[in-house]
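Visitor: I am new to this structure, and I would like to understand the words used to describe it.
Guide: Let us look at it together and take the words one at a time.

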Amino acid sequence: IEGDTLYILKEPEESASVLQQTLIQGHLRSTEPEQMLLRALSLDAAYLGKPELFDLAYKEVKPLIISGKYDTYENGIQLLEGVGRSQGLLGRVDEALENFEIIDSLIRLAESDHQNVPLREVQAYRSKAAVLLESDPTNKNEIEKNIAKGIEIAHNKYERHEQQLKDMANK
């Protein structure tokens, strides 16, 4: 899908435009794989500093978050990680941290069902640490805990994420 490709290519302006039009036309709803497109639109909006665009995407995502009905734990974690990171970038820290609490629960549920979601865990720890670094840099224990957990899981598997976490640790 064009909007997702543009998001991956780090073209938030173009991606947001395509995804917003798709949403307005009613072709984008809170079902998989559309969830990941809503995630991309949320992040595009945050990177562009457009809270009204984020709110448009979040209106579709919020019922899914409230119901807790995700196709898979991995999809739920990935969606909430993107929304939480977006909220943090837009200065909505309390909302972001609430989403990271839900992610913690989803990770525990996945583990109890013997489902591994290491990449999503790493993304969640990285994003939570980033939100905390921006909003409450004095909360060093929580920041360091998230960075350490992320590095532990990412080590020798997800080099890009591991390096990003190490860079955060050196700030």
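Guide: A word on classes comes before the rest: Ala, Val, Leu, Ile, Met, Phe, Trp, Tyr, Cys and Pro count as nonpolar, Asp, Glu, Lys and Arg as charged, and the others, Gly among them, as polar. This is a predicted model, in which local features need pLDDT of at least 70 and side-chain atom pairs count only at pLDDT 80 or more, while totals for chains, interfaces and linings use all residues. Residues are numbered from 1 along each chain as its sequence is written, and side-chain values use heavy atoms, with hydrogens and water left out.

Visitor: What classes of residue make up the lining of the second largest pocket?
Guide: By those classes, the lining has 2 nonpolar, 1 polar and 8 charged residues. Among the residues that line this pocket are Asp104, Arg108, Glu111, Lys145 and Asn146, and the elements giving two or more residues to the lining are α6 (93-112), α7 (118-135) and α8 (140-154).

Visitor: What makes one space a pocket and another a cavity?
Guide: On a 1 Å grid over the protein atoms alone, a cavity is a set of points where a 1.4 Å probe fits but cannot get out, whereas a pocket is an open set with protein on both sides within 12 Å along at least five of seven lines; lining residues have an atom within 4 Å of a point. Grid points are joined across faces, edges and corners, and a volume is the space filled by probe spheres set on the points. The second largest pocket holds about 170 Å³ of space. By this rule there is 1 cavity of 30 Å³ or more, and the largest cavity holds about 40 Å³.

Visitor: Which residues line the largest cavity?
Guide: They are Phe100, Ile103, Asp104, Ile107, Ala124, Tyr125 and Lys128, of which 5 are nonpolar, none polar and 2 charged. The largest share, 4 residues, comes from α6.

Visitor: How many helices and strands are in the chain?
Guide: The chain has 9 helices and 0 strands, where helices (H or I, at least four residues) and strands (E, at least two) are DSSP runs, numbered from the N terminus.

Visitor: Why is serine 127 called buried?
Guide: Buried means under 20% relative accessible area, with exposed over 50% and partly exposed in between (1.4 Å probe, protein chains only). Serine 127 has a relative accessible area of 1%, and therefore it is buried. Serine 127 sits in helix α7 and, leaving aside neighbours within four places in sequence, is in contact (heavy atoms within 4.5 Å) with Glu81, Arg85 and Phe100.

Visitor: How do you know whether glutamine 123 is buried or exposed?
Guide: The relative accessibility of glutamine 123 is 9%, so this residue counts as buried. Glutamine 123 is also in helix α7, and beyond its neighbours within four places in sequence it is in contact with Arg39, Gln78, Glu81 and His161.

Visitor: Why is the pair of phenylalanine 54 and tyrosine 58 called stacked?
Guide: Rings of Phe, Tyr and Trp (its six-membered ring) pair if their centres lie within 6.5 Å, and planes under 30 degrees apart count as stacked, over 60 as edge-to-face and the rest as tilted. The structure holds 1 aromatic pair. The rings of phenylalanine 54 and tyrosine 58 have centres 5.4 Å apart and planes at 15°, so the pair is stacked. Both residues lie in helix α4 (residues 51-67), 4 residues apart, about one turn of the helix, and both are buried.
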